[in-house]
Amino acid sequence: MRLWAQAATGGLVIEGHLIKAPDMVWNTKTTFGSVSKLLHWFGALLIFAMIALGIWAVQYPLETPEQMAAKWELFALHKTVGVCAFGLSVLRLISMVFQTKPLPLKYHGAREVFGARTVHWLLTFLMILVPLAGWVRHASLPGFAPLYLPFGDSLPFIPADQNLSEIASMTHFGFIILLLSAVALHVAGALKHHLIDRDNTLKRMLPGQGTAQVQAAPTALPALLVAIALIIGVAAIAILATPQV
């Protein structure tokens, strides 16, 4: 029997027939493993759920006792989903630290790789910072729409302080705007690669997809520094724009 790895398609060729190989559990230099894929798509689901619930809660009317109770429940659910997203994002960051990082595809240019990595760093950090800022706001202004979680509503070292709550609220909002911008760029880039370039960028993150030709990775430091600078800049603007109470 003739058997060899078909690296470009992620399958095996057995006597001339292509057999799709199952997902690897962990990342390799050329492909994402099933753990990374699961964390990616579940995290995306929680982000959209968190944002949708937040918009719904803010816009929900507040004219009757019934509407007040429903608005309370929506905010409680929004906060609970946000804390779950925070926990999953921390797990995702740990996974990234200890797993192999797949290399960029061979035909991606340097500027394209830099832009993608900057957006990726923004998403990685903001998926933690957005719910964390919201959690700080909640913990520093207790009593409104408690979490549907067993460990309570407080956070270590976070006092009940209205000024701190306002700062956290403005920072939370600023980070949401930056997160939505990063998500829009991420989705647009994925669709551009899939529909226009017709390469394997999106396919590498789908179940059962194989490896692809890759290039040597440039240093990730410039993209990381740009992402950190954007986050610090947004946080500074939010803090300076917070009214004193």
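View 1. Of its 27 lining residues, Val58, Phe75, His78, His172 and Ile176 are the closest to its centre. A pocket is an open set of points on a 1 Å grid over the protein atoms alone, where a 1.4 Å probe fits, with protein on both sides within 12 Å along at least five of seven lines; lining residues have an atom within 4 Å of a point. Volume is the space filled by probe spheres set on the points, which are joined across faces, edges and corners. H4 gives the largest share of this lining, seven residues. The lining divides into 16 nonpolar, nine polar and two charged residues.

The model is predicted: local features need pLDDT of at least 70, side-chain atom pairs count only at pLDDT 80 or more, and totals for chains, interfaces and linings use all residues. Numbering runs from 1 along each chain as its sequence is written, and side-chain values use heavy atoms, without hydrogens and water.

**View 2. The largest pocket.** This pocket holds about 1400 Å³ of space. It is lined by 48 residues, with Phe32, Lys101, Ala116, His120 and His186 nearest its centre. Helices H1 (34-59), H2, H3 (110-140) and H4 (162-197) each supply at least two lining residues. Helices are DSSP runs (H or I, at least four residues), numbered from the N terminus. H3 supplies the largest share, 11 residues.

**View 3. A nonpolar surface patch.** Leu91, Ile94, Val97 and Phe98 make a patch of about 460 Å². Patch residues have over 30% relative accessible area and no salt bridge; nonpolar side chains are joined within 5 Å. Areas come from the Shrake-Rupley method with a 1.4 Å probe. A salt bridge is a side-chain nitrogen of Lys or Arg within 4 Å of a carboxyl oxygen of Asp or Glu. Leu91 lies in H2 (residues 65-98).

How values were computed:
Patches are made of residues with over 30% relative accessible area and no salt bridge: like charges are joined within 9 Å, nonpolar side chains (Val, Leu, Ile, Met, Phe, Trp, Tyr) within 5 Å. Ala, Val, Leu, Ile, Met, Phe, Trp, Tyr, Cys and Pro count as nonpolar, Asp, Glu, Lys and Arg as charged, and the others, Gly among them, as polar.
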